[in-house]
Amino acid sequence: MDFYKDSLERRRECIMSHPSFEETKLKIEDLASFIRNFTDLIWWKGNFAFLIHKNKFFFLQTEIMDSTHSTLLSIRQLVEIGHFSDVNVLMRKVRDDLFLFLYLLEVVNRYQLGNETTHERNATKWMENKLENLTISDILTYLMKNESIKKVIMEHNLRKAWDNIGKNFNNFVHGNGKMYAQLNYANFDYKTIDKIFNDITFKLSYIVSVFVVLLTLIKPSLISSSDYVDALELGIQPVEGSQYNIAPFIQEFIDTYVIKLHPDIKNFLKDNVYMRFD
């Protein structure tokens with residue numbers, strides 16, 4: 001046991017002394033803070049999604065995004081001790097949770113009173129903790145029926161990197177090779193650790209960036225600033241059109257992260273939603 005403890009501590013020291021460690025840690029914390037700020041914004045504006053289906057009530061708040069925030073903090077801790085296989089398993093959870101959130105939002109958007117589909121049943125089953133057999137492939141197929149989503153994915157070649165990331169996650173989850181186990185305990189040289197750090201930050205940045213793009217197309221009001229609501233809270237007349245202002249932290253995220261997906265993706269959002277982009 002003492003040997004294991006010493007080995008774990010040596011590994012931690014090796015990881016934390018790497019020149020790229022602090023940058024990687026800060027990037028994960030930045031993404032976690034972004035998700036936290038997003039949930040706070042949704043709560044402050046009361047911008048929730050709901051539907052009533054066959055006397056069953058579906059109400060989506062920020063539970064999924066709150067969980068994602070916690071998962072990102074767990075990833076930060078696992079990076080520190082070099083459990084990189086576990087990091088990839090949790091990154092897949094981040095992807096799956098964020099896309100479940102998008103799926104449920106889109107289900108509410110498409111809901112037509114009296115028209116029952118599998119998707120409304122999935123939503124109410126999620127509320128009852130009985131949802132099963134809904135895969136990321138099912139979710140992507142459903143989202144792609146939204147023409148704006150299909151268009152942004154196809155025109156900006158977002159699917160290729162997305163699919164590659166998904167295949168890589170599956171290798172870790174299913175243990176499709178000894179390397180995917182060894183990344184949890186083996187010792188690595190400087191260049192290998194640097195490559196692992198870059199891989200982690202790329203995957204997380206890509207996942208959250210795609211999430212923001214698709215969420216903006218599904219429900220643009222979620223990215224609006226609190227200016228309009230703040231004015232009402234203070235009992236003053238809101239500035240005309242202020243409901244279309246984008247929250248500053250979201251605008252910064254788009255300019256810092258989302259733009260890296262494709263140089264034209266911001267213009268696509270400008271042309272396809274009613275929000276005011278800088």
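In this predicted model, helix α4 (residues 84-110) packs against α10 at an angle of about 5°, and their axes lie 10 Å apart. Angles under 35 degrees count as roughly parallel, so α4 and α10 run roughly parallel to each other. The contact of α4 with α10 is made up of 20 nonpolar residues, along with two polar and four charged ones.

Next come the empty spaces inside the protein. Rolling a probe the size of a water molecule over the atoms shows where such space is left. Here the count comes to three cavities of 30 Å³ or more.

The largest cavity has a volume of about 80 Å³. Around the largest cavity sit Phe99, Leu140, Ile153, Leu158, Arg159, Trp162, Val210 and Leu214. Two elements, α8 (159-174) and α10 (190-218), each give two or more residues to this lining.

Helix α1 (residues 2-16) gives the most here, with three residues.

Conventions. Residues are numbered from 1 along each chain as its sequence is written. This is a predicted model: local features need pLDDT of at least 70, side-chain atom pairs count only at pLDDT 80 or more; totals for chains, interfaces and linings use all residues. Side-chain values use heavy atoms; hydrogens and water are left out. On a 1 Å grid over the protein atoms alone, a cavity is a set of points where a 1.4 Å probe fits but cannot get out, and a pocket is an open set with protein on both sides within 12 Å along at least five of seven lines; lining residues have an atom within 4 Å of a point. Grid points are joined across faces, edges and corners, and a volume is the space filled by probe spheres set on the points. Helices (H or I, at least four residues) and strands (E, at least two) are DSSP runs, numbered from the N terminus. Axes are lines fitted to C-alpha atoms, for helices over the stretch in contact, and angles run from 0 to 180 degrees between N-to-C directions. Angles under 35 degrees count as roughly parallel, over 145 as roughly antiparallel, 65 to 115 as roughly perpendicular and the rest as oblique. Ala, Val, Leu, Ile, Met, Phe, Trp, Tyr, Cys and Pro count as nonpolar, Asp, Glu, Lys and Arg as charged, and the others, Gly among them, as polar.
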